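Subject: A structure for you to look at

Hello,

Here is the structure I promised to pass on. Please open it and keep it beside you while you read my notes below.

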Amino acid sequence: MIPMPVVVCVLGGWCAVYLADTALKSSPSLKASYEDWLTSYGLTVSPFHMRWQTSLFNRLFYSWGRWKPRFLYLWFNMGMVFGIAAMFGSVILLGKTLLQTLSQMLTESPTGQNDQMLQVVVPGVNLPISQLSYFFTAILISGVIHEVGHGVAAIREQVRFNGFGIFIFIVYPGAFVDLFTTHLQLISPIQQLRIFCAGVWHNFVLGVAGLVVLFLLPAILFPLYYTSAGALVTEITEDSPANGPRGLFVGDLVTGLQDCPVNSVEDWNSCLGKISLKPQAGYCIKTSVLQQLSYPSRGFRRLDGTIECCSNNSLTDVCFSYINNLNNHQYACLPARKAIEASQLCRTNADCRKDFVPSVCVTPSLENQTRFIWVKHPPQVDMLFVGHPLHLQYTVSLSSFVPRHNFLSMDFPVVLETFCKYLVSLSGALAVINAVPCFALDGQWILNSFLEATLSTLILEKQNRELVGFLILLAGSTLLAANVALGLWVVTAR
């Protein structure tokens, strides 16, 4: 569910704005001056919606629209081709997403949600509050670049440009351009397509640019940060199981998990994923050491069927299972750090038969989803973690970038990398959603112009072409609404 403090803040803020706006417009003495003030600053206020429009940037837009006409002609022709392809592709993608959502709802399985390319984003639910600044900044920049595309394309096609503006709808920021509608209606359908497709085209280009920056980020930051040395710990939550005197600390460089080398954050996540899926690894211990360290204890069976043999409430002892020479399962309560110190990983006793020293493979006897993980972060003493790997993954923040100098911030590369990821995903999502043939979106105008350009010789009556367009828009709007409604239900109702 959406956190109540978020709901209260949003509703309370908009109620305060609406009441203040209503009170000022109802006041005989203040109404005229208030409305003049709104008009002079280009402000418009309505329930859950506020926008600002200005002509301050008109000269800048006109200079862009008249720059290198031949290049802009080719640029927006490429955008037209992309926009038409995106219109068809967005319908296919939304259809696939809808089927995935329905399958997820029917199977009651939340795991498939992360595999979807499109997801409804609700701040405070599936978007962490700590990352709201990334989200809103990226969506605002994506919206501005989108509208710049429309504005520059319109000026290039000799359509009058009235102004540029920014709006806030509930909590989501956006941008818009004001074009002279009569000019838009007088130009040819191909010219209209160049204008209407320019927004999604610019969003696509912005997403590609973000991907390029992400790919080149190690090279861009190379003079200040180096990579491929490990995963640098940048933050540990207070309730993290990695906290403690033998745990992880900010500034530690993690180089391995069990026998899985860690050279980056991607390696860290990949290793934890493999550890979660594979059976618990064992450790080779000499038989003499096993007899020396084991505590006499009485085992009992847990609810999931596994055996617990340590009953001394110690935080350092772990129950291990092994197979003796008679091929019988045995259990021993051992001090974990002493038992596995300088030992190698194993799966069976055969992996431990080296140097003719009697040894056995002991495996931690843990609950099904719990894992015993050996975390290497030299020069510190290795951390021994017992718990679910996801707890380690979600409570420890890391970076692949290691500062070359102490005065450099560990967080700067993470901020830059996270922002680029948000920019890529949100700009791409804006391109996909706006390309959908749906009422009130760019897809509506792209579809209408496309039908006029392609069906005018096949369907002579304009009313018939408009009817075809209306039916397609109705289907596209229904598809988008179904995705949003079911997506919201999946995100907020579970």
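Let's start with one residue. Phe 135 is buried, because its relative accessibility is 3% (buried means under 20% relative accessible area, exposed over 50%, and partly exposed in between, with a 1.4 Å probe and protein chains only).

Before going further, a word on the source: this is a predicted model, where local features need pLDDT of at least 70, side-chain atom pairs count only at pLDDT 80 or more, and totals for chains, interfaces and linings use all residues. Residues are numbered from 1 along each chain as its sequence is written, and side-chain values use heavy atoms, with hydrogens and water left out.

**Aromatic pairs**

Searching the whole structure gives 22 aromatic pairs. Rings of Phe, Tyr and Trp (its six-membered ring) pair if their centres lie within 6.5 Å; planes under 30 degrees apart are stacked, over 60 edge-to-face, and the rest tilted.

One of these pairs joins Phe 135 and Tyr 172: the ring centres are 6.0 Å apart and the planes meet at 70 degrees, so the pair is edge-to-face. Phe 135 belongs to helix α5 (residues 132-156) and Tyr 172 to strand β4 (residues 172-179), so the pair ties together parts that are 37 residues apart in sequence. (Helices, H or I with at least four residues, and strands, E with at least two, are DSSP runs numbered from the N terminus.) Tyr 172 is partly exposed, at 27% relative accessibility.

Phe 439 and Phe 470 make a tilted pair, because their ring centres are 5.8 Å apart and their planes are at 50 degrees. This pair links distant parts of the chain, 31 residues apart: Phe 439 is in the loop between α12 (411-435) and α13 (442-455), and Phe 470 is in helix α14 (residues 462-492). Phe 439 is partly exposed at 32% relative accessible area, and Phe 470 is partly exposed at 42%.

There is also a cluster, in which ring pairs link Trp 67, Phe 71, Trp 75, Phe 82, Trp 201 and Phe 204.

**A helix with a kink**

How far apart are the end C-alpha atoms of helix α7? They are 43 Å apart, which agrees with the 46 Å that its 32 residues (189-220) should span at 1.5 Å a residue; the expected span is 1.5 Å times one less than the number of residues. Helix α7 has a kink of about 40 degrees, centred on Ala 198, where the bend is the angle between axes fitted to the seven residues ending there and the seven starting there.

Enjoy exploring!
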